[in-house]
Amino acid sequence: MTKPGNDDLETTRVSSIEQLRAELKKRSERNRAYLIVLAGADVGKMFKLDDGEITLGRSSRADVRIDDDSISRFHAKLHLTGHEVQIEDLGSSNGTLVNGEKVTRDALKDGDKIRLGETTILKFTFHDKLDESFVQKMYDAALRDPMTGVYNKKYLLDQLGEEVSYARRHRTKLSLILLDLDHFKSVNDTYGHIAGDHVLIQSTAVIQALLRTEDVFARYGGEEFCLVLRGISVEDAGIVAERIRMAIEAHVFRCDETELRVTVSIGVAQYDGASEPDGLIEAADSALYAAKRAGRNRVLLKYDT
């Protein structure tokens, strides 16, 4: 015999399960549109997109303002209606590209990459109703080296592929710098790994102070770092590299009571307009190791890439 109240309890339980399922389904829907900055100023920054028309540009009156001189004041417009999103170029000077193709107006899909002007790349995506700061932290973790805060190798290789494709298509200059801290193993062996970590962190700060916003600076591995310089010839990249070498040589590295100095060897190469990204890395790597063989603490340029 069923006890009084059991029917009500069962009804409540089933109703609660259905409500839970509905809530879980609602939370799992990827129904919020975002733009995420992959390259250029404010990498990792997210812009939540609401329904309606949204302008992109460098004007302070643009709905999504991007600080990039190669972008027009009102460069492009997004048209959002429900789950449908279209992008329209507004007669910009340098064009709007979606996945490498120049567009006048085009529908966007989740994951599409949008290039505005010469340096800014945005990713269009849908996200669920997670907290935005958490999503930003996830993207930041995917892009950055956890110790130094500069880009990681994966991001570097992805971005270099984009830059090589752009340089090939538009016949623009592109240079790459590979640098390696000299005798870094002896720093760890003599002063300890904590001191070595301080040297890596302080080195990146010294280098970043000398770079443009659009330069891509990444930790390539261990004590080796890489710089991708858009629109820069190998000679001008060599000047940047020499400034870096001199700044590192002059810097006093400190860890608690310890003071030490280090130097850096640097290889520089320019994209030849035909080879793949690996070829540019190999050319800079060849110049780097030639600099090391020549005595370290110097910059060498590779001209025949």
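Biologist: Which residues touch the most other members of the largest nonpolar core?

Modeller: Ile 177 and Ile 266 do, in a core of 29 residues. A nonpolar core is a set of buried Ala, Val, Leu, Ile, Met, Phe, Trp, Tyr and Cys residues joined through side-chain atoms within 4.5 Å. α6 (234–250) gives the most to this core, with 6 residues. This is a predicted model: local features need pLDDT of at least 70, side-chain atom pairs count only at pLDDT 80 or more, and totals for chains, interfaces and linings use all residues. Residues are numbered from 1 along each chain as its sequence is written, and side-chain values use heavy atoms, with hydrogens and water left out.

Biologist: What is Ile 177 in contact with, leaving aside neighbours within four places in sequence?

Modeller: Contact means heavy atoms within 4.5 Å. The partners of Ile 177 include Phe 225, Leu 227, Val 240 and Ile 266.

Biologist: Why is Phe 225 called buried?

Modeller: Buried means under 20% relative accessible area, exposed over 50% and partly exposed in between (1.4 Å probe, protein chains only). Phe 225 has 1%, so Phe 225 counts as buried. Phe 217 has 4%, so Phe 217 is buried by that rule too.

Biologist: Why is the aromatic pair of Phe 217 and Phe 225 called tilted?

Modeller: Rings of Phe, Tyr and Trp (its six-membered ring) pair if their centres lie within 6.5 Å; planes under 30 degrees apart count as stacked, over 60 as edge-to-face and the rest as tilted. By this rule the count comes to 3 aromatic pairs. Phe 217 and Phe 225 have 5.8 Å centre to centre and 40° between the planes, so they pair, and the pair is tilted.

Biologist: What makes Lys 153 sit over the ring of Tyr 220?

Modeller: The rule asks for NZ of Lys or CZ of Arg within 6 Å of the ring centre and within 35 degrees of the ring normal. The charged end of Lys 153 is 4.4 Å from the centre of the Tyr 220 ring. Arg 115 lies over the face of Tyr 166, at 3.8 Å from the ring centre.

Key. Helices (H or I, at least four residues) and strands (E, at least two) are DSSP runs, numbered from the N terminus.
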